[in-house]
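Have the model open while you read.

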Amino acid sequence: MSGPLRTGLWVLALAAAGCAGAPPPPAVDARAPVRVRVEMLGGFAAERAPLPPGRVALVVDSTASMARATAAGPSRIRGARAAARRFVSTLPAATPLDLYVTGNDRGAACDDPITPRDGDRDDFDRGLARIRSRGEGSLATALAALPGAAEDGGYERVVAVSAFDDGCGDDLCPVAQGLADRGVRVDWVRIGEVPLPECLTELTRGLPAAPPVPWDTARPVPFHVQTAGADPAIVVCGESGGLPVQLAPGRAEVVVKLDPPLRVPRNFLPGTRWVLQVIDFPGLDPPERQWRWHADAAPAGTGALAAGGEAAP
Amino acid sequence: MAEGQADRRGKGGSVRRGRATALGTLALCLTAAAPAGAADPCAPWPGEPDPLPRVDADDEMLARWAELRARELSDAARDLEPVAPLRANHLWRRVLCLDPGSDAAVAGLARTPLAAVHQPALVTRAADATDADVWAALDLPVRVRLPQPEPTPAATPQPAAPTPSAFDSGVAELEAQVRSARFEEALAGADAVAASAENGEQAARAQVLAATAALALGREADADAHFRRALSADPGLTLDPMTTSPKVRRAFDRVREARP
């Protein structure tokens, strides 16, 4: 590279460095609009609607193996009937309950499907009394066919009463995990002395990753900005989580339509952008609410919340 | 730049920062237990900040939100436990996402397993015990009515040899199990022994043995339930301080004092 060329490049580099230096701050137009948005960090609503009682399925095994005697003396099927009868008698009447019986039909195959027995709760006693140990059927297959909590008319809880040694049908372990994944809790009621596989209680999942309760909704909260003073006039309206609203600089009051409304006055300097962050937990006892301003240009989470809620510089 | 104000209509908790306990690892375990390709169990739900903050977040506003949210979810989980245990379990796991050191969430998860095994004893004498809720009652002894035996021709009565009653042999076995630290076995058989008791004092004795086994296993709630049953069977029950460990006496006294 020749000397004059090298010198020229140095001059260009120095000029570029000079251009990249801090420019003088631009003059702010006193009428430059202000932008404001509201961010809600909420909780459940004040009133949580009570959840209806979940549907329960009672599955009683009446396959041939249930005819065997227990160590205590009575046959397994007698024990199963008695356990089921007591369960039904103590379950609150408002809880929807369906009774299923596996293997109640003589000569039925292992994969014989099960259907809920007809009849209301009063008929359960008679239905249980009629159960005889005589057929075949797979408890695993029966349980796998039950609709889960997320499905229409599905079950939140299944009570399976069995001796767990019919040797008919599928492995219970994946069926148990499948039920948990579909939102069903299973109570295994063992009649007799056959040990149950540990996998039945060593489940690791349960329910898909979605809110399990209907109370948790992303509810946008309307807000408006009004002029400060004794006779306020609404300047602009918006919704939390939405786009920022634009207003003229000066004193104003942001009113977030919570219950009770949150009113936050502020003197907005020209050309500034602000986020009003609001924590609102009306359902807590006692309810709790906090708020803070932070500059919209700054990365979220850089503002400090001073102890006691006082303004931080 | 930020400025803010707290409107705490009532007492508010302080932000817990940097809390780290061994229990916190449970949250990691829960995450690790998720199947490959499954959604992040701590992904935000609709309306929650993204990413989901924790109580030890650097941003105090987000940390405060996480604390309040964890408290709210804990309340809801407690309400749901009796009626929808799996939903409650789901909420408790959510609390651990927000507050990995939450002892309440760990205890809540222990109370709401995804499945439970019940092994009721079959008995032929005592009435069905119904002093527990419908789900806990699945563990209690079940009374089974036996078919009436065929009448047999009258035989010459023979003097009966004295034999130990079902309760006597059962409670002896129970005591042996507790003495030899076979606590699980003791717990499994205790209700059946209690159901074979012929009076309240005997039933209370079996329940105290069961409570002792439960305490040894660290199942304080189970121990309390057995003590309550013991006191129901024998309201004047006291424990001999010479033969009962202080731990068992303390737990018993606490249950007795809590009774109305």
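1. Start with helix α8 (residues 220-233) of chain B and helix α9 (residues 246-258) of chain B: their axes come within 9 Å and cross at roughly 65 degrees. Axes here are lines fitted to C-alpha atoms over the stretch in contact, with angles from 0 to 180 degrees between N-to-C directions. Helices are DSSP runs (H or I, at least four residues) and strands likewise (E, at least two), numbered from the N terminus.

2. A caveat: this is a predicted model, where local features need pLDDT of at least 70 and side-chain atom pairs count only at pLDDT 80 or more, while totals for chains, interfaces and linings use all residues. Residues are numbered from 1 along each chain as its sequence is written, chains are lettered from A and ligands numbered from 1 in the order in which they are written, and side-chain values use heavy atoms, leaving out hydrogens and water.

3. On α8(B), the contact (heavy atoms within 4.5 Å) involves B:D224, B:F227, B:R228 and B:L231. Among the α9(B) residues facing them are B:F252 and B:R256.

4. Now strand β2 (residues 56-61) of chain A: six of its six residues are buried, so the rest of the structure largely encloses it. Buried means under 20% relative accessible area (1.4 Å probe, protein chains only).

5. β2(A) pairs in the parallel sense with strand β3 (residues 97-102) of chain A over six bridges; pairing takes at least two DSSP bridges. A:L58 sits opposite A:L99 there, and its bridge partner in β4(A) is A:V159.

Notes:
Buried < 20%, exposed > 50% of the residue type's maximum accessible area, 1.4 Å probe, protein only.
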